[in-house]
Every structure is written in C-alpha cells, then in structure tokens.
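Please open the structure in your viewer and keep the selection tool at hand.

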Amino acid sequence: MIDFENVYKSFRGSVDETKLFEDFSFHVETGSFVSIIGSNGSGKTTLLNLVCGSVMPDSGKILFDGKDYTAVPEYKRSKTIGRVHQDPKNGTCPELTIVENMALADNKGKRYGFTPAVNKKRIDYYKHLVSECGMGLENRMNVKVGSLSGGQRQALALVIANMTDNKLLVLDEHTAALDPKTSENIMAFTDRIVKGKGITTLMVTHNLRYALEYGDRIVMMHEGKIVLDKAGEEKKALEIDDVLGLFNSISIECGN
Amino acid sequence: MQPILNSLDVVLQDGFMYSILAMGYYISYSILDFPDLTVEGTVLSGGVVFGLLVKAGVNPYIAVLAAFAAGFLFGGVTGILNVKLKIRPLLCGILVSTALISVNLVCTIVGNGGDFKGDGLSTIDLGRSVPTLTRIFPASELPSDFYGFNMKKLAVFFAMALIFKIITDVFLKTKCGLLLRAAGDNPNYVTMLAKNQGTSKILGLAIGNAYAAVSGALIVQSRGNVNQGIGIGMVVIGLASLIIGLSVFGKVKFMKPTTMVIGGSIIYQASLGIAALLGVPTVYNKIIMAALFTAALIVSGKLKKKRGVERD
Ligand SMILES: Nc1ncnc2c1ncn2[C@@H]1O[C@H](COP(=O)(O)OP(=O)(O)OP(=O)(O)O)[C@@H](O)[C@H]1O
Ligand SMILES: [Mg+2]
C-alpha cells in the first residue's frame, strides 16, 4: 500500500539543521494495522506528514499502491485518506456546528456546488454515528464544535475521518487528549472501525499497551530511524517489559 | 423637521449603498480573516464599468452585473497573488489597488473616446437623459419626493441591499459557501476534505470585491457621475460598518450577520449625518470616520473578551 524509498528529510532552523530522515525506507502492506511508538521528537508525526503530503521529502520517493505520489499535493492525497491529528483543534471547524462539520465531511470526494450543504434527512444518520463514541454528542448536534472539550472534539474528528470510504486511516495520538475511560472506549471504537472496514491504518501512540494490544504490527522510532519492527506472531509474543526495556536502553544510550 | 427628514433620506440611501461593500467584507474579513485593501480600487472599477455601460445605453441592471464581474475578476487577482505567490494579504491589496488606479483611469479615458496614451476625459457624467436605475421601470414609477424622501433612489438601494443580503445568506448555506466558512475557520479541514483551500480563499476574495464593485456602481448611480477619487476611504467605510454592525447587534438572537451588517452601515452613515446636522463641516468627515472606526474596534474587542474568544 505505502512505500517509502530512500527518503531524506531535514528541517532548517534559523541557526541549525535537523537531519531527521536519512535514506529512510518503509513499507506498509494493504490492510495492515501498524502501531507506531517512539520518544518525543523521534519523527512519528513527520512520518505521517510525509505519508499525507503535509510535508514534502527533500529527496526519495513515496509510493501508494506502486504509483509515485511524491509530488502529489496533500489535498489530492486526502481523497482516500482519513486523518486524526495530534492537536484536537486540527480535525474540526470550531465555528461550525457538529451537523455542519459532518455535512461537509459527508460530501468528501464530491463536488461542493450550490446545493444546500445540510440535508435534514441525513441528521439522524449523523446522530447515530456520533452516538457510537458514547460521549452524548448526539444531543448537541447544533452547538459549535469550538465549545466542545478537547476530548469530545477528538472523538468527533475520529468519526468524521471515517465518514467516507478511505483506503488509509492515519491516527496521531488520537486518544492522548482523552480521560482513561473514554480513551479505552475510543480505542475499542477505533478497533471496531478498522476491523469492520479492513482499512489500512497507521496509529501513533504513546500508550505501549495499546500499541501491543491493537494492530498487527508494531514499529518503534528513534531519531528518524526504525529501531523495532515486529509483525504477526513475533508481535504477539512481545511483552510491555520488552518494549519498555528497549525504549529505556535507547534513551540511556543517547544520554537523556 | 425637513432638514432632518432629508438627511435621514441620505443616511438610508448611503447606508444601503455601502452595506453591500460591508457584506463583501463580511466574507473576506470576518469569514476568511483577510484584511483586503483591494476594495479601494475595485469600488471605483465597479463605478467605471457601470458608468460607461449605462452611458452607452446598456440596461443599468446588466451594468450592475458587469460591475460585479469586474470586481470578481480583480478580487480573484488579489487571491491568486496571496495563494499562489504567497504574498502577504495587506501587500496583495496594495499591489492590486495600485495597479487599478491606472486601469480605472485608462478605462475611463478610452471609454470616453480618448486614446490609450491617457489623453482624454477622466470623468463620466450621467446627464439627464441617460437611463439609470432610477429612470427605468420599476423605480421610475415611484415619486422622487415623498415627505423629503427620494423614493426612487431609496427603493432601488434598499432592493439592492436586500437582494445581496438574501444571496449571501443562501450562498453561505450551500456546500460551496460552507466550504468557504470552513476555509476561514480551519484551512486544514478543507484539505482533509480533499479540496484545495487556496481555491476557496480566492473565491472568497473574488466575491468580496465583486460586492465592493456593486457598491461602486451604486455610488455612481447616486452621484450621477464618475470621478477617479471615488475609491478613497472605502476600506474604512466597509470595515467600520461591518464591525459596528457585528458588535452592536452581535447579541441579538436569530439575527443574521448580513442583517447586522446592513444595520451597522446605517448606523455609520447616521453618525456622519448627525455630525453634518450639528454643523461639522464635511472636510472633517474622514476624522469622524476614523474615530468611529476606532470606537467600533474597541467595543468589538471588549465584547470578544467577554465571550472568551481568543482570535481578534
Ligand atoms: N515544521 C518543522 N520545522 C522544524 N522542525 C520540525 C518541523 N516538524 C518537525 N520538526 C522536528 O522534527 C523532529 C521530529 O518531530 P515530530 O513532530 O515528527 O516528532 P514526534 O515523534 O511526532 O514527537 P511527539 O511524540 O512529541 O509528537 C523534531 O525534532 C522537530 O523539532
Ligand atoms: Mg507527534
């Protein structure tokens, strides 16, 4: 599904240059559910940005289903990608109501012409969709999204990202803003969506337990490199302590 | 009593006339958060297009549509400079409105039968026989003096403001309009919907300036002539009317923003009218305008703080 071939990416600051990815190659099978873990600043979000086209590589190629997408702009790639950002503010429009946000998303991939945006007949369907995340959002359909809490917005963003049929789901710490119980619910909800649709998924998380429990492949990143990559039975055999041990040893090696 | 009624007549006419400009700002400034200076040029462009066409005998309603199209085009240029060339909003407006000074002048001169070198008349006079909006059906059927009110003008300007209000309200509820609101609110959301957020921005600026040009056409209708100074001060009139409207009526439930803007435009013109009635000479008008604008900004800033909105 996704192929990174010899990707280089560095960021130029005012004084220094961070070389994040150097000769980075990465492959994701169609239909797999990959959990990505790693310390802060290890390049997880940048990896997702490269996949979605929000950040362009300095050199190297990014392929989707064998086709070269390196130069395809983000908005065109979005046609088949559903995404939840690390920042809850990113995935919804604060000044629009839940219904308006959902009506826009419902039309993704089609023309945004001069027909009415909100189809009243669809509202019950929207209510049904948000009721599945169990936050009572179905009773607040006409409030502005900006007045919801960060966690509620993130849950809504997850629902919205899955309203149309995508080929790829990209989740960046989408449960980080949620309380423990809601986080569990949303994670289970995510798993239902992914299993139900069989959609290829990249999920970044700092929760090692989620990374091991969910998905069929685990990837650990460190300073722009993949330091652990296990799938299938190998992944099932991993314990939290194994991963935590590796995590700590890397951090100690690098002196932080 | 009569001077008061007369000035009320002018306040309402000008209020409706400039409310279309202010509704354009509602789209470019309130929705897209783009401080657009292009209107300083596009108001006059609309006036020139309208003046030339009407003088040539074209139906004045069609001339208004042509003014709309001209404003749409030039506003689109501002949008393209910003989106494609990544030039800052204020500079885009300055660039386009500066270029439009020449464009408007040359168009006026050539339209008057002059040459492209710039030799010729730079004003257009809609004399007594030119069929303007008030001289054709239906406005021609109305009285030109009804207790001090010029019903022909008032009806035309009111109808125009109402039509643009309704068009704006309906547009903002369409898919295209809602996408535009999303583009101003969270451009990233538009990208996630697989749409180019730059296109929405360009469209919004085109619409904002199309509205400005229609106001320009009405200014020419109202004054009966075109001179090259028409665009001066339009940024302040448009933005002040918008901000006054939104801050005065902001709390009224179920009142559409477009209605608030029309109200704001009338309040703004009324303040100028009161100053004139009190005997303040018109040369001080621009100071009063700037002071009113400042007051409106302070009030709207306070209201926003109360509501806990971070953005200004
Ligand atoms: N737009 C940018 N400009 C400059 N540097 C950037 C930019 N984006 C990322 N970086 C740098 O690249 C590195 C990786 O950042 P990234 O956001 O990918 O980390 P992350 O793994 O997602 O971390 P976290 O767990 O904190 O979200 C960091 O050192 C960061 O400073
Ligand atoms: Mg991150």
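The model is a predicted one.

**Stop 1: the magnesium ion**

Select ligand 2, the magnesium ion, and display the side chains of Thr45(A) and Gln86(A). Thr45(A) belongs to helix α1 (residues 44-52) of chain A, while Gln86(A) sits in the loop between β6 (81-84) and α3 (98-106) of chain A, so the pair ties together parts that lie 41 residues apart in sequence.

Now consider how open these two residues are. Thr45(A) has a relative accessibility of 27% and therefore counts as partly exposed. Gln86(A), with 40%, also counts as partly exposed.

**Stop 2: ligand 1**

Select ligand 1 and the residues around it. There are 13 of them, and the closest are Asn40(A), Gly41(A), Lys44(A), Thr45(A) and Thr46(A). Which element gives the most residues to this shell? It is α1(A), with three residues. Sorted by class, the shell holds nine polar, two nonpolar and two charged residues.

Next, display the polar contacts of ligand 1. For His206(A), a polar side-chain atom is 3.0 Å from an oxygen atom of the ligand. For Glu173(A), the corresponding distance to an oxygen atom of ligand 1 is 3.4 Å. The protein buries 62% of the 640 Å² that ligand 1 exposes when taken alone.

**Stop 3: two loops of chain A**

Return to the loop between β6 and α3 of chain A and select Asp87(A). Its relative accessible area is 38%, so Asp87(A) is partly exposed.

Then select Asp65(A), in the loop between β4 (59-64) and β5 (67-68) of chain A. Asp65(A) is not a glycine, yet its phi is positive, at about 45°. Its relative accessibility of 43% is the reason why Asp65(A) counts as partly exposed.

**Stop 4**

Move to chain B and select α9(B). How far apart are the end C-alpha atoms of this helix? They are 22 Å apart, which agrees with the 22 Å that 16 residues should span at 1.5 Å a residue. Of these 16 residues, 12 are buried, and the helix is mostly covered. Met234(B), Leu239(B) and Ile244(B) are among the buried residues.

Continue into the loop between α9 (234-249) and α10 (257-277) of chain B and select Phe254(B). Is Phe254(B) buried or exposed? With 85% relative accessibility, Phe254(B) counts as exposed. Phe254(B) also has a positive phi, near 65°, although the residue is not a glycine.

Finally, select α10(B). This helix has 21 residues and reaches 30 Å from its first C-alpha to its last, close to the 30 Å expected at 1.5 Å a residue. Its buried residues include Thr258(B), Ile262(B), Tyr268(B) and Leu272(B). The tour ends just after α10(B), at Gly279(B), which takes a positive phi of about 95°.

Definitions and conventions: Residues are numbered from 1 along each chain as its sequence is written. Chains are lettered from A and ligands numbered from 1 in the order in which they are written. This is a predicted model: local features need pLDDT of at least 70, side-chain atom pairs count only at pLDDT 80 or more; totals for chains, interfaces and linings use all residues. Side-chain values use heavy atoms; hydrogens and water are left out. Donors are N, O and S atoms within 2.8 Å of the metal (3.2 Å for Na, K and Ca); water is not among the atoms, so sites may look incomplete. Helices (H or I, at least four residues) and strands (E, at least two) are DSSP runs, numbered from the N terminus. Buried means under 20% relative accessible area, exposed over 50%, partly exposed in between (1.4 Å probe, protein chains only). A residue is near a molecule or strand if one of its heavy atoms lies within 4 Å of it. A polar contact is a pair of N or O atoms within 3.5 Å; within protein, one must be able to donate a hydrogen and the other to accept it, and residues adjacent in sequence count only if both atoms are side-chain atoms. Accessible areas come from the Shrake-Rupley method with a 1.4 Å probe; for residues, only the protein chains shown count as cover. Ala, Val, Leu, Ile, Met, Phe, Trp, Tyr, Cys and Pro count as nonpolar, Asp, Glu, Lys and Arg as charged, and the others, Gly among them, as polar. The expected span of a helix is 1.5 Å times one less than its number of residues.
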